[in-house]
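Please read these points with the structure open beside you, taking each in turn and finding the named parts as you go.

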Amino acid sequence: MLTLNNIHKTYNKGTINETVLFTDFNLTIAEGQFISVVGSNGSGKSSLLNIICGSIGIDSGSILLRDKDITHLKEHKRAEFIGRVFQDPSKGTCPNMTILENMSLADNKGKSFGLTRGVNKKRIDYYRTLLEQLKLGLEDKLNVEVGALSGGQRQALALLTSTMTPIDLLILDEHTAALDPKTSENIMELTDQIVKSKGITTLMVTHNLKFAVEYGNRILMMHDGNIVIDATDAEKKEIGINNLLSVFNEISIECGN
Ligand SMILES: Nc1ncnc2c1ncn2[C@@H]1O[C@H](COP(=O)(O)OP(=O)(O)OP(=O)(O)O)[C@@H](O)[C@H]1O
């Protein structure tokens with residue numbers, strides 16, 4: 001379970017650019033829940049993810065993951081049990097390293113001498129099996145540098161590497177936004193498969209309302225640092241895309257987006 005308690009966050013406090021974003025923000029995510037987060041530009045979605053991952057600090061409040069207080073834990077320490085896939089396909093993997101090296105590195109996350117330990121015949125076979133499941137032919141490209149892959153292939157690999165070792169939470173940061181429509185669909189399908197098969201607690205920010213309604217079992221709509229819609233799986237299907245879009249348009253017009 002992930003719990004955010006009484007989070008307060010103000011950017012550029014005491015300056016002319018001061019932005020009060022979160023005032024007593026609370027969120028509880030049950031174990032195994034797959035949540036889609038939508039909202040207008042500037043509503044606080046990225047800040048929320050950054051706060052959970054430790055990329056930005058908070059002014060007050062606490063963050064608990066599986067009953068462990070991680071509020072003051074550094075970002076790289078949280079990365080040992082929080083997987084994250086970014087919008088930019090170049091961010092989740094190392095472009096100058098091969099697929100094999102990237103997988104070995106991910107496999108040995110948190111251990112020293114990651115690269116040398118992972119690469120033995122048995123492990124390589126295991127990586128090949130994992131890659132086969134992506135159905136992208138990457139199992140035949142183990143020694144190809146990741147920088148030479150397409151955006152979709154890189155996102156698929158990023159999904160695989162970020163969930164290779166057991167994690168407590170998966171963060172998907174608009175991870176299909178830079179892909180063409182067909183590739184986005186494929187990556188969403190793959191995401192769903194991985195999340196469901198491993199039962200990973202997942203938080204996905206997306207601007208794609210169709211994905212937000214179709215996938216996952218809870219939807220949050222954010223506006224101005226607040227949660228304005230919090231719907232369960234059954235409720236979100238009842239609300240439907242059109243109603244979500246209406247609320248979205250209303251709040252977007254209201255804030256001039
Ligand atoms: N590093 C920062 N410094 C100052 N203000 C920031 C910073 N990051 C975000 N903000 C402000 O916080 C608010 C929320 O921004 P955030 O990026 O979290 O929204 P978002 O919902 O992810 O938007 P988008 O959909 O455009 O990515 C905005 O008003 C933004 O200007």
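1. Of the 257 residues of the protein, 37% count as buried, and it should be kept in mind throughout that this is a predicted model. The chain is organised into 9 helices and 10 strands. Among the contacts with a separation of 6 or more, 69% are made by residues 24 or more positions apart.

2. The overall dimensions can be checked against a simple rule. A compact globule with 257 residues would have a radius of gyration near 18 Å, and the protein has 19 Å, which agrees. Along its principal axes, the C-alpha trace spans about 55 × 40 × 35 Å.

3. An open sheet is formed by 4 strands in the order β2-β1-β4-β5, with antiparallel pairing. Because β2 (19–29) and β5 (68–69) stand at the edges and have a single partner strand each, one side of each is left without a neighbour in the sheet.

4. Within this sheet, strand β1 (residues 2–11) pairs with strand β4 (residues 60–65) in the antiparallel sense over 5 bridges. To trace the pairing on the model, find leucine 2, which stands opposite leucine 65 in β4, and then asparagine 5, which stands opposite serine 62 in β4.

5. The pairing of β4 with β5 is also antiparallel and is made over 2 bridges, with leucine 64 having aspartate 69 in β5 as its bridge partner. These two strands form a hairpin with 2 residues between them, and arginine 66 in the turn has a positive phi of about 50 degrees.

6. Which residues are found around the ligand? They are Tyr11, Asn12, Thr19, Leu21, Gly39, Asn41, Gly42, Ser43, Gly44, Lys45, Ser46 and Ser47. By class, this shell has 2 nonpolar, 9 polar and 1 charged residues. At least two residues of the shell are supplied by β2 and at least two by α1 (45–53), and α1 gives the largest share, 3 residues.

7. Helix α1 also deserves a look for its burial, as its buried residues are Lys45, Ser47, Leu48, Leu49, Ile51 and Ile52. In general, an α-helix has 3.6 residues a turn, so residues three or four places apart point the same way. After α1 comes glycine 54, whose phi is positive, near 85 degrees.

8. Strand β6 (residues 82–85) is covered on both faces, with Ile82 and Arg84 buried on one side and Gly83 and Val85 buried on the other. As background to this arrangement, the side chains of a regular strand alternate between the two faces of the sheet. β6 is joined by 4 bridges to strand β7 (residues 169–173), and the two run parallel; the bridge partner of arginine 84 in β7 is isoleucine 171.

Notes: Residues numbered from 1 in each chain as written. Predicted model: local features only at pLDDT ≥ 70, side-chain atom pairs only at ≥ 80, totals over all residues. Pairing = 2+ DSSP bridges. Near = placed C-beta within 6 Å. Nonpolar A, V, L, I, M, F, W, Y, C, P; charged D, E, K, R; others polar. Buried ≥ 20, exposed ≤ 12 C-beta atoms within 10 Å, placed from the backbone. Rg over C-alpha atoms; globule rule 2.2 N^0.38 Å. Contact = placed C-beta atoms within 7 Å.
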